[in-house]
Amino acid sequence: MNKYRTHNCSELRKKNSSQDIILSGWINKKRDHGNLLFIDLRDNYGITQCIIDKSNSSFKELEKIQLESVIKINGKVVERSEETINLELQTGEVEVNIDSFEVLGTCKELPMPVFTDQEYAEEIRLKYRFLDLRRKKIHDNIILRSKVISFIRNEMFQLGFLEFQTPILTSSSPEGARDFLVPSRLNPGKFYALPQAPQQFKQLIMVSGFDKYFQIAPCFRDEDARADRSPGEFYQLDLEMSFVEQEDIFEVVEKLIVNVFKKFSLKKLMHAKFPKISYEESMLKYGSDKPDLRNPLLISDLTNIFSREDVTFEIFKKLVKSGSKVRCIVTKNTKDKPRSFFDNIDKWAKDQGASGLAYFTIEKDKQISAKGPVGKFFSSAALEEIMKITGANDGDSVFLACGKINEVEKITSQARDKIANDLDLIDKNIFAFCWIVDYPMFEKDEITNKIKFSHNPFSMPQGNIKDINFDEPLNIKAYQYDIVCNGIELSSGAIRNHIPELMYKLFSIAGYEKTQVDEKFSGMINALSYGAPPHGGIAPGIDRIVMLLANEKNIREVTMFPMNQNAQDLMMNAPSNVNEEQLKELGLAIKIKK
RNA sequence: GGGGGUGUAGCUCAGUUGGUUAGAGCGAUCGCCUGUCACGCGAUAGGUCGAGGGUUCGAGUCCCUUCACUCCCGCCA
């Protein structure tokens, strides 16, 4: 028999009555009646109420033990009387009469309470993460994470995938995020990089003939944090398949995602089959390549309206003439909303750094007219045209933004969220998935005006390779795709370019010489010239999937030991200084800019 | 790198127009209490009001600087 326990803290039931048992756990709560003491004993599995009174010689001693100390209890299970049953506990029909106890681990005065629903500052939570993790909600989130990952593993094995590990110490690559670097002792002055993703390795696995690979892969990117983005490291379900087309990947991943979300959440899926939206359409209708499809508001383009004679909104007309775009959002039946509703949105837009959102409300008397600050600039014929384009009716309002295309896309995208939240249009009990497809292979860098890869440089361009017009690279689309759920980018993938000549060609468009490609991607470009199968894959973000399933807005709520926003681990004190000896061995000197 | 929010007891927070000795709940310590499950009652301890500077007869409160945490922009193929 185990010396610490015969049962865990959620096991005991009526049928155990009058058994002598041993429990071990943390003191969750004490209720001290002076001559009678209740102790809620907690472990990973649950809570059991234990009881002792002054007739027991260890009563006084137990009374004084701190909450969150770990104790072992020898006692007898007894049925509770009818009126003292606690239905909120799984073990609530019984309790344990304590015979004797032993302290296994004492607890100092707590820096923060453990048994409470109260929220408290993240700084202290992270510093005492081991206490924070005892609290029910986050404890359950972490257990959920474990279950989701093991479920995914099983599904992947059943689908015929093999799990492989890939190196953590690898080489730095151009393109993409900032690398974390690790100095090499044996090769002074040289550095390893932590992988931003096992991208090249998984392609090499395909070249090696393994056909279907997956890994719950740690990925490292030295970029600034967001609520849904850990600084430093995160996990992807990295997968790759040989001899596949885009649709084959979609089928596998969509099935997997649907199974995971159905198993671990009660929320409904908005679409049984994920809709496919082209990048271009998404940017137009949602202003973003990660649209929240729960949000019914759509964006329309009204640029052409502003070249009409009967529209006299001169500020916009002038901007349109010099190449600006006008986009709008229509809100249904908002004619009776108070002025403050509209002005708040305009003010909010200005706070976001935009020049504001003009608005009017469509009214119909004998003919169509527009009310509101800029309503007078539109003739009824122009308004009818706007109604045709946007599907607006009388009683609806139109919010307008004008500016360079990127600016307009950004502000209308944010305004979609803002207005939908203000009007409470988003159903929180739904998961709305979609595929974003047909990404452009290249884009123009705003600042340098140079052509660069818009996503993954290893993606396969669309169309027949002989027919691709490389002279207009901005028109080349790629077999590149994302999964988006509720406005969160869940994964990104592509059919890969496995043809070395084509790879050189594309890299040359992005300004890389052949020799540079050979040097930077030596492992892969070399491998592709020894018989590479057509292949493709995708990498859903594990942390974000669990975040959605746990209904959390912050990724740290589903991460066991997260770093803070400045990429510091407050519990382990990382990053930290190293001593001279270590630096010397690596041939490094510290030069801190002030 | 830039913008917003927050910072008062171990924890969560209140603190009026700038005015006496900065308060409450939880926690801690001590005492009372034999059926609680957020047990109850009483008492005690606990404060660099994030830090520095300024205005003022007087600053938790007003001004300037700065630090920490957080949210957002940039960034994240």
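Predicted model: local features only at pLDDT ≥ 70, side-chain atom pairs only at ≥ 80, totals over all residues.
In which loop is N486 found?

**View 1. N486, a residue with positive phi in a loop between two strands.** N486 is found in the loop between strand 22 and strand 23 (488-495). The phi of N486 is near 50°, which is a positive value in a residue other than glycine. Most residues other than glycine have a negative phi. N486 has a relative accessible area of 10%, and because buried means under 20%, N486 counts as buried.

**View 2. D424, a residue with positive phi in a loop between a helix and a strand.** The loop between helix 11 (405-422) and strand 18 (430-431) holds D424, whose phi, near 55°, is likewise positive although the residue is not glycine. The relative accessible area of D424 is 60%, and because exposed means over 50%, D424 counts as exposed.

**View 3. The cis peptide bond from A574 to P575.** The bond that joins A574 to P575 is cis, with omega near 0°, and P575 lies in the loop between helix 15 (542-549) and helix 16 (580-586). Most peptide bonds are trans.

**View 4. The aromatic pair of F458 and F521.** The structure holds 32 aromatic pairs, and one of them, formed by F458 and F521, is edge-to-face, with 5.2 Å from centre to centre and 90° between the planes. This pair links distant parts of the chain, 63 residues apart, since F458 is placed in the loop between strand 21 (451-453) and strand 22 (480-485), and F521 in the loop between helix 13 (514-520) and helix 14 (522-528). F458 counts as buried at 5% relative accessibility, and F521 is buried as well, with a relative accessible area of 5%.

**View 5. An aromatic cluster that includes W435.** One aromatic cluster is formed by the phenylalanines F250, F261, F274, F431 and F433 together with W435 and Y481.

**View 6. Lysine side chains placed over aromatic rings, at F161 and at Y504.** The charged end of K212 sits over the ring of F161, at 5.9 Å from the centre of that ring. At Y504, the ring has the charged end of K514 over it, and here the distance to the ring centre is 4.6 Å.

Key:
Residues numbered from 1 in each chain as written. Chains lettered and ligands numbered in written order. Heavy atoms only, no water. Phe/Tyr/Trp six-rings, centres within 6.5 Å; stacked < 30°, edge-to-face > 60°. Helix = DSSP H or I, 4+ residues; strand = E, 2+ residues; numbered from the N terminus. Buried < 20%, exposed > 50% of the residue type's maximum accessible area, 1.4 Å probe, protein only. Lys NZ or Arg CZ within 6 Å of the ring centre and 35° of its normal.
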